[in-house]
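Please keep the sequence and the structure in view while reading.

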Amino acid sequence: MLTNQTILPLIPLNGMVVFPYMVLHFDVARRRSVAALEKAMTDDQRIFLVAQSNDTKNNPTENDLYKIGTVGVIKQLLKLPGLGVRILVEGLHRAEIKEFIDGDAYSTVKVRRIPTVRVKMNQEIEATFRLAQDIFEVYCSMYPKITSEIVITAINTNNMGEFADIIAANTFHKLTDKQTILEMSNPYERLEKAVEIMTGDLEIRQMEQKIQEKVLSKLADNNREYYLREQMKVIESELGDGGTGGSEKYLERLEKLNLGDESKEHIKREINRLKNSGMHSAEAEVIRSYLDVVLDLPFNTKTKDKISIAKAEKVLNEDHYGLENVKERIIEFLAVRQLNESTHGQILCLVGPPGVGKTSIAKSIARAMGRKFTRVSLGGVRDEAEIRGHRKTYVAAMPGRIISALRIARSKNPVILFDEIDKMSNDFRGDPASAMLEVLDNEQNSAFRDHYVEVPFDLSDVFFIATANSVENIPRTLMDRMEIIEIGTYTAEEKEQIALKYLLRRQREENGIKPDQLIIQKSAIRAMIDHYTRESGVRNLERQIAKVCRKCARRLVDGESNKITVTAGNVAKFLGKPRYHSDKAIRKDEVGVATGLAWTQVGGETMPIEVNVLKGAGKIQLTGHLGSVMKESARAAISYIRMKGVDMGVDENFYKHTDIHIHVPEGATPKDGPSAGIAMATALISALAHVPVRKDVAMTGEITLRGRVLPIGGLKEKVLAAHRMGITTVIIPRENEKDIEEMPNTVQKEINFVIADNMDDVVANAFSSYPIAGGIQ
């Protein structure tokens, strides 16, 4: 709640007055006013709105403002192209400026709330109120530009002070009359003044009608149309085209667009509505906003593709290291485009963990094609109107993100990036993923209709690219419309090359360091990768390089050194103690501990699985925040061992007198999925047969009750995690053998892949000694 006096950001108003309980939207373009709005949004969203007494000043001072204004609250703020913003504001109460504070970026004022004078109703006041309502109805009948909504709102109010404010806001032509009503705190006095002003306006209006009737009666029919047009031109020149709300300019802009007959007729109807609306009416503002959006759309504007395969390869190689499959697919698309320019509907979806360069690839594609680029963030979007737009009957309606992106790009064939398409959700306001079906459907998007724009727009020339961390959260119908290109985890060698060729150069430039002032050796980069980051991409690696650059910049500025060399030996001086150690994997052969492999949205991870066997009654305990599928895998592994355990040196009655506890460390992290099945079975066999599992072996695969090893997903990320931890042997399902080709050459050379059809193949390679019935061989 506001106290009696408070300090608020100031918004000077040129040519308008805001009253309490009044809701309206307007554009703000002054730098100081925009800064004041940004300050208000960081606080309680309250601002002080006051009219300028001198409307010729662009940067008004205290002497250029009235003393009485309105405290308002910002309901909505929309940034416009350029520096301007559009706000939806609601007036709260009257207030008086007590002190003007002129700041560097924006002005603030200390204001005192003006209390409303309570007036006790009597017969005289009641009669005045009824008279005011009658005069207002007559006034509205003579001024048809006042909308029926305003009339109903005014007639239905029982508060005479609010009634006077509504009259002043919507009927008075002079700013001074409106300000006079605003400065009156007594509701009855305001009502009397409003009646007085309305009565004077009615007399003038009646006189105008009489004069007009006399003039028109003297005009010949053949001169009447000419006279009216000349009269309109004079009025527009006097009011600065305010007489028709700029409708002629909108018609000129419409004629320049090559639109279909249906679209042109629809837009012309809106322009005609603008002609018939009041210059300062709320309806006119809505129509003008709509026309500005529609006529700004690039219906006929498109960039010419500058397709050169050699240039595209050069751009992609300049911006990205590796990613050969992605680059090859993009080059193929550009080659087809060069042969057939009418090709439409290419929609790519780049899927991979964070930080691997999905967004930057989309930018490179736009640069290689010579097209405009714009990004649409879909993370957290849960309202269908964000895609299709709001119907313009709603207050502060706006077009959807697709149309807004095209308006920003100013081209009908840009590259539009749908970032984080897998992060969309839905609620009672609709399903945005379903709305995206039309956007990404080649058969429908040539006549895409935004709810706000209402006229069809051709999206078939747009090159859509989507990014996602996982395809699991993308609806199947939406995924079918896109070509999935997977971007895998970077190897340590790839990260090293990316850092040396791209990240280090960029961070030197951003921190103002010359190449000869800072040298980061290859060994230091490798130390950052191994001991200070644990990720699939290079985002955190760049942060570590930036941290080193900032510390070096300070040393250079302080004069401690003119040249700094960072090595593996002194990198800790810049980054502190190492956060990760490469010996996270199991350090020795242990009984009851096997190394599994897991896939996460940020890449692969090694996952030790521990089993303890205790004397008991056959209870099974599963801990480590395991999901239902993972628990089922553990029970399937136990059932398999009960059936085949005797052949592996396991007591056939172990389930009667032994309790089993299976635990997966890092219990705070949820874990699920079937791919840990063979690792659980291996750890169980090891614990029950007292045979140690090899520390240099990791495994992944689903197990069945018969001991078959079924395929899994995310093998590349899992193997890279094993390689990162020093694992030399990885056991994988037979059906995943084809995925080995996707591994980097260095990984294929340094890791021995064991292909498993069933658990016999796993057991034969996972143990230091092969367990058989009757002992250890």
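By class, 14 nonpolar, 17 polar and 11 charged residues line the second largest pocket, where Ala, Val, Leu, Ile, Met, Phe, Trp, Tyr, Cys and Pro count as nonpolar, Asp, Glu, Lys and Arg as charged, and the others, Gly among them, as polar. The model is predicted, so local features need pLDDT of at least 70 and side-chain atom pairs pLDDT 80 or more, while totals for chains, interfaces and linings use all residues. Residues are numbered from 1 along each chain as its sequence is written, and side-chain values use heavy atoms, without hydrogens and water.

Among the elements that each supply at least two lining residues are those tabulated here.

| Element | Residues |
|---|---|
| Helix H18 | 492-510 |
| Strand S17 | 593-600 |
| Helix H25 | 715-724 |
| Helix H26 | 745-750 |

H25 gives the most, with 4 residues. Helices (H or I, at least four residues) and strands (E, at least two) are DSSP runs numbered from the N terminus.

S13 and H12 also contribute to this lining. In an open, parallel sheet of 5 strands, the order is S8-S9-S12-S7-S13, two strands being paired if DSSP finds at least two bridges between them. Strands S8 (373-377) and S13 (483-486) stand at the edges with a single partner strand each, so one side of each lacks a neighbour in the sheet. S7 (residues 347-351) is joined to S13 by 4 bridges, and Cys-349 stands opposite Ile-484 in S13.
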